[in-house]
Amino acid sequence: MKNYLIIALVALLSGLLVEQTSAQDSNIVAEGARLWANNCTRCHNARSPLERNDREWLTIMNHMRARANLTKTEAAAITAYLQMVNLQEGNNSTTSESVPDSSTGLKKSISIKSDLVSEQKLLQANGRISVDDLESLKRLFSHMRTRRL
Amino acid sequence: MIKESNSRIAAVFIAALLGVPSLASAQSLNGPLSNVVLSGYGSATFIAVPDSDFRNDFTASVSPVILYSMGDDLLFETELEFGLSGELTTTSLEYAQIDYLGFERLQFVAGKFLLPFGTFSERLHPTWINKLPTMPLVYGHAHGGVAEESLLPILSDAGLMARYKAPVGEKWAVDITGWISQGPQLQEHDEEAESEGDPHAHKGGGSSRQISASLSEAEIEIPLVGFGIGFSDNNSNKMLGARIGLVHGPSFEIYFSAFHAMYDPGEYLDLTGFNISIDYRKARFDVRAEVTVLNQELELEDGFDTLSRTGYYIQVARRYGAFEPVVRWSHLLEGKVKGDVIRAERQQIAVGLNYWIEPSVPVKLAYQVGLDGENLILLQWAFGF
């Protein structure tokens with residue numbers, strides 16, 4: 001009986017931890033979208049996230065971090081947002097590669113097969129953002145693209 | 001001997017600075033994180049003088065930027081510039097720097113970098129960002145538009161730089177940058193090159209845009225001063241500079257910048273610069289303004305004096321969909337030495353209309369009125385890639 005209680009408690013805590021991590025990641029991406037809009041336009045029009053793939057955005061964000069004097073956390077959040085948009089739009093040329101997870105600084109192996117895997121499965125595989133957040137960011141990006149910001 | 005000693009100390013310091021992050025990032029140096037990105041910008045410009053002959057020219061420029069990321073914390077970045085100036089194709093190394101980004105709020109930069117003196121020179125001069133085909137009178141640049149006789153070039157120099165950002169409350173941040181670099185150098189006219197048609201030629205290397213002063217209006221000859229001309233300093237003195245700014249999200253930024261250096265081999269002639277830069281953006285309005293003061297100490301036959309000159313510009317733009325009208329007023333106040341006007345006052349108003357094909361591809365049509373000189377019609381197609 002005692003063992004069952006321990007297992008149940010561990011499962012409950014694990015579930016809460018996963019939920020919390022997912023919510024934190026979601027917040028990071030949302031914060032990244034805000035920082036992207038706020039900081040890029042300090043000097044120039046915001047470039048489309050689809051112009052570059054995930055790896056290129058990592059390098060370019062380092063460049064922009066130095067130029068705009070962004071903190072490491074700010075740069076990581078913007079990169080997470082750019083990578084999320086790319087992921088949602090299937091804008092990574094390679095089909096299977098190690099993509100750095102900018103929100104944690106760790107590498108995650110993500111199998112990207114955008115033509116075969118549905119958007120929802122991709123999101124679940126990453127566990128980085130909710131569908132609601134994705135939709136709101138998608139609308140934001142679509143709006144900015146239409147308005148040529 | 002002193003110069004050699006300083007060079008050794010600088011070399012050891014740079015090696016230490018670069019060595020520490022290299023060890024920290026060694027794991028990712030050869031891993032899948034390594035990456036090279038080609039970026040940059042360029043332009044094609046048509047310039048016409050609406051006088052009786054309607055003189056006109058086409059010019060073009062391209063500035064490739066190469067980024068090499070070594071793990072999360074190290075970045076090498078460089079920008080080359082290729083442009084047309086008179087009968088020549090000009091090339092220059094705008095920056096070649098290594099950035100260490102391992103700290104949360106602190107950054108270190110080593111190499112040749114754009115000096116954070118004001119904001120236009122460091123961040124706003126690329127042709128796809130600059131909202132007009134020409135530079136404000138304060139700045140001169142031979143590429144990507146029209147070279148103007150100006151107060152300062154786009155400043156880049158070799159040395160070390162540290163940057164720090166401190167959030168103040170939820171919406172404000174303090175942006176602090178300090179640097180030490182080779183500093184400006186005294187230049188000499190290259191009469192032979194000038195006679196061959198290059199009006200910007202000067203001994204000691206460097207491109208035309210790096211010369212901050214040229215012909216004098218009075219008989220006193222003002223020494224030419226170049227920035228980032230070469231990697232061998234003409235004296236052991238180094239330029240010290242700093243910029244402190246207050247940033248409020250995307251809407252407001254104000255920066256105070258200053259530098260000091262000795263520019264002659266004997267190290268007794270000062271060059272100091274001060275700048276206030278303000279950027280304001282709201283409701284699709286974009287307002288930018290800068291004031292720059294440059295004090296250049298001179299050695300005259302009967303002693304020393306200082307040529308002090310002030311320049312400023314204000315620029316307002318407003319987006320209407322893909323269209324963006326722009327107006328800019330630039331003003332260089334006259335410079336005096338011993339009561340004589342050495343540099344004449346200059347004013348310029350530029351009015352333009354931009355059409356943004358893409359967020360990084362504007363077509364810019366502008367009419368520039370020189371209140372003391374010729375007017376220009378400019379059409380520029382710029383692109384960032």
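# A tour of chains A and B

Start by selecting Thr177(B) and Arg163(B): their side chains make a polar contact at 3.3 Å. (A polar contact is a pair of N or O atoms within 3.5 Å; within protein, one must be able to donate a hydrogen and the other to accept it, and residues adjacent in sequence count only if both atoms are side-chain atoms.)

Before you click on, some ground rules. You're looking at a predicted model, where local features need pLDDT of at least 70 and side-chain atom pairs count only at pLDDT 80 or more, while totals for chains, interfaces and linings use all residues. Residues are numbered from 1 along each chain as its sequence is written, chains are lettered from A and ligands numbered from 1 in the order in which they are written, and side-chain values use heavy atoms, with hydrogens and water left out.

**Stop 1: around Thr177(B)**

(Helices, H or I with at least four residues, and strands, E with at least two, are DSSP runs numbered from the N terminus.) Is Thr177(B) buried or exposed? Thr177(B) counts as buried because its relative accessibility is 1%. (Buried means under 20% relative accessible area, exposed over 50%, and partly exposed in between, using a 1.4 Å probe and protein chains only.)

Now select what surrounds it. Leaving aside neighbours within four places in sequence, Thr177(B) is in contact with Pro116(B), Met161(B), Ala162(B), Arg163(B), Gly241(B), Ala242(B) and Arg243(B). (Contact means heavy atoms within 4.5 Å.)

**Stop 2: Glu122(B) and its arginines**

The side chains of Glu122(B) and Arg163(B) meet in a salt bridge, 3.1 Å from N to O. (A salt bridge is a side-chain nitrogen of Lys or Arg within 4 Å of a carboxyl oxygen of Asp or Glu.) This pair links distant parts of the chain: Glu122(B) sits in helix α3 (residues 120-124) and Arg163(B) in strand β8 (residues 156-168), 41 residues apart. Both partners are buried.

Arg243(B) and Glu122(B) are both buried.

**Stop 3: a network across the chains**

Next, select Arg42(A), Arg123(B), Glu253(B), Asp279(B), Arg281(B), Asp286(B) and Arg288(B), which are linked in a network of salt bridges. Zoom in on Asp286(B) and Arg288(B): their closest N and O atoms are 3.0 Å apart, and both residues are buried. Then find Arg42(A), whose side chain meets that of Glu253(B) in a salt bridge (3.1 Å, N to O).

How many salt bridges are there between chain A and chain B? The count is four, while the total over all chains comes to 17.

**Stop 4: where the chains meet**

Colour the two chains differently. Here 32 residues of chain A are in contact with 51 residues of chain B, and 29 residue pairs across the interface are in polar contact, both at pLDDT 80 or more. On the side of chain A that touches chain B, the elements giving two or more residues are α2 (54-68) and α3 (72-89). Highlight α2(A), which gives the most, with 10 residues.

The size of an interface is often given as the accessible area lost when the parts come together. Here the buried area is about 3,700 Å², with 45% from carbon and sulfur atoms. (Buried area is the accessible area, 1.4 Å probe, that two parts lose on being put together, summed over both.)

**Stop 5**

**Last stop: zoom out**

Chain A has five helices and two strands, running α-α-α-β-β-α-α from the N terminus. Chain B has four helices and 23 strands.
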